[in-house]
Amino acid sequence: MPHSAPQGPSEPERPHRPERIERRARAQEPPPLPEPLAVPVADSHTHLDMQEPSVAEALAAASSVGVETLVQVGCDLERSRWAAQVAADHESVWAAVALHPNEAPRLAAEGGDGLLDEALAGIGKLAALPEVLAVGETGLDYFRTGPEGVEAQQRSFRAHIELAKRLDKALVIHDREAHQDVLRILAEEGAPERTVFHCYSGDAEMAQLCAAKGWFMSFAGNVTFKNARPLREALAVAPPELVLVETDAPFLTPAPYRGRPNAPYLIPVTLRAMAETLGMPETSLATHVAANTARAFGY
Ligand SMILES: [Zn+2]
Ligand SMILES: [Zn+2]
């Protein structure tokens with residue numbers, strides 16, 4: 001179900017707080033609205049269900065800075081159902097549905113392959129809806145899931161690839177510390193026509209490989225982090241017609257706002273940092289990204 005904004009009376013004035021707590025509270029405050037983009041782009045990957053503001057507030061803030069389209073990503077069956085509903089209710093929102101790579105082994109541990117298959121069948125039904133443009137995020141996450149979960153993860157990944165191809169939807173891949181196996185399984189199964197590496201985390205060499213296959217690379221706020229030089233090197237070799245931008249909000253808030261809540265309205269911050277890395281005018285990159293996202297998801 002979509003969130004609804006609280007309708008209660010306005011909050012009473014708060015008592016004075018010691019300075020230290022005041023400072024910490026300020027660190028958690030949402031970052032300010034950036035300058036609006038001259039060319040509107042999409043946030044290709046967000047989780048509105050995990051963010052503090054209501055959906056209406058998040059969409060209004062995003063739209064006010066030129067982020068006029070969002071892909072809402074569900075990570076389990078329940079949240080995927082919610083994502084599809086939000087997409088049905090809002091013209092600017094599309095949905096992606098899947099069992100996250102960390103959700104699949106959780107289900108398998110709880111109820112074996114039977115429970116996993118049941119959930120996959122539920123995802124299959126949702127993925128057929130017209131407002132659902134992608135199957136994902138799926139893939140492999142060897143950072144959060146240990147060796148005991150690898151089999152369920154890979155089984156689930158293969159099932160999602162098959163589903164995306166059968167329904168001709170985009171495939172959104174989550175790849176965390178699992179590059180080799182992600183690429184191997186994609187090769188074994190055959191990648192769908194439109195494949196997106198969300199929160200791209202490979203190096204320049206892998207970016208060249210993705211480019212050769214025509215796979216999209218979606219960059220998140222971590223491309224702005226000081227220690228993320230390999231990511232910027234990957235961005236620099238990625239063909240402009242395969243580059244997307246995303247927030248993955250509420251995670252990965254771009255610099256200089258690290259540690260504060262992320263949201264789709266912060267896309268301009270990441271896009272501007274990317275344009276600077278590429279030595280490309282912001283409007284040129286935005287024009288590419290807007291067209292790429294539409295092509296990747298087919299809207
Ligand atoms: Zn992810
Ligand atoms: Zn995500």
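1. In this predicted model, eight strands make up an open sheet whose order is S1-S2-S3-S4-S5-S6-S7-S8, and the pairing is parallel. Strand S1 (41-46) and strand S8 (243-245) are the edge strands, each pairing on one side only, and from one strand to the next the twist averages 30°.

2. The length of H3 can be checked, because 13 residues at 1.5 Å a residue should span 18 Å, and the end C-alpha atoms of H3 are 19 Å apart, which agrees.

3. Which residues of H3 are buried? They are Leu77, Arg79, Ser80, Trp82, Ala83, Ala84, Val86 and Ala87, and the elements that cover the buried residues of H3 include helix H2 (55-64), helix H4 (103-127) and the strands S2, S3 and S4. As background to such a list, an α-helix has 3.6 residues a turn, so residues three or four places apart point the same way.

4. Helix H10 (residues 282-297) lies across S1, S2, S3, S4, strand S5 (170-176), strand S6 (195-197), strand S7 (216-219) and S8, and H10 runs at about 95° to S8.

Methods
Residues numbered from 1 in each chain as written. Chains lettered and ligands numbered in written order. Predicted model: local features only at pLDDT ≥ 70, side-chain atom pairs only at ≥ 80, totals over all residues. Pairing = 2+ DSSP bridges. Helix = DSSP H or I, 4+ residues; strand = E, 2+ residues; numbered from the N terminus. Axes fitted to C-alpha atoms, helices over the stretch in contact; angles between N-to-C directions. Contact = placed C-beta atoms within 7 Å. Expected span 1.5 Å × (residues − 1). Buried ≥ 20, exposed ≤ 12 C-beta atoms within 10 Å, placed from the backbone.
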